[in-house]
Amino acid sequence: MNAELRDLYQWVILDHYKKPRNYGRPPGADREAEGVNPLCGDQVHVYAKLEDERVTEVGFEGSGCAISTAAASLMTQAVKGRTRQEVATLFERYHDLVTGHGDVDPESLGKLAVLAGVREFPVRVKCATLAWHALRSALEGSGETVTTE
Ligand code: ZN
């Protein structure tokens, strides 16, 4: 990753941290789950509305580090309008992106690519995936609190 791209990615992450998108409980949300990352102190509560297997509304609340907040904010933008299966597939590819596993093309993940740098900081992977784990719990219907421990 060149320095210019890295700066741009950092700017996008900070922007989503300061101005989280889809913050709060969206109207009609019928699924939710909590994610906790004790290692960093991140806590995120994810809400979703599922209609005909499609995520029509999604939002989050919580507090945490810049990575966890930006990741949750970017996630809500990425999954809105997608089917539950598409979200599961996207999470797999995103997980490969932030862990550095597989050979996923960052470009194919759209804005989520800004979190590619996390792979250089393994402890931050939990921050970057916390909201996704919570969303998966919410969409699978268990709604159980997920913890990274
Ligand atoms: Zn964190």
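**View 1. Protein donors of the zinc ion.** In this predicted model, the zinc ion has as its protein donors Cys40 (SG), Asp42 (OD), Asp42 (OD), Cys65 (SG) and Cys127 (SG), which lie 2.1 to 2.7 Å from it. Donors are N, O and S atoms within 2.8 Å of the metal (3.2 Å for Na, K and Ca), and sites may look incomplete because water is not among the atoms. Along the chain, the donors of the zinc ion are spaced as C-x1-D-x22-C-x61-C. Asp42 belongs to strand β2 (residues 42-51) and Cys65 to the loop between β3 (54-63) and α2 (66-79), so this pair ties together parts that are 23 residues apart in sequence. Helices (H or I, at least four residues) and strands (E, at least two) are DSSP runs, numbered from the N terminus.

View 2. Asp42 is buried at 1% relative accessibility, and Cys65 is buried with a relative accessible area of 17%. Buried means under 20% relative accessible area, exposed over 50%, and partly exposed in between (1.4 Å probe, protein chains only).

**View 3. The two faces of helix α1.** In α1 (residues 3-18), the buried residues are Tyr9, Val12, Ile13, Asp15 and His16. Seen down the helix axis, the buried residues of α1 fall within an arc of 160°, so they line one face; the arc is that of the directions from the helix axis to the C-beta atoms. The face turned away from this buried side carries the exposed residues Ala3, Glu4, Asp7, Trp11 and Lys18.

**Notes.** Residues are numbered from 1 along each chain as its sequence is written, and side-chain values use heavy atoms, with hydrogens and water left out. Local features need pLDDT of at least 70 and side-chain atom pairs count only at pLDDT 80 or more, whereas totals for chains, interfaces and linings use all residues.

Methods
Expected span 1.5 Å × (residues − 1).
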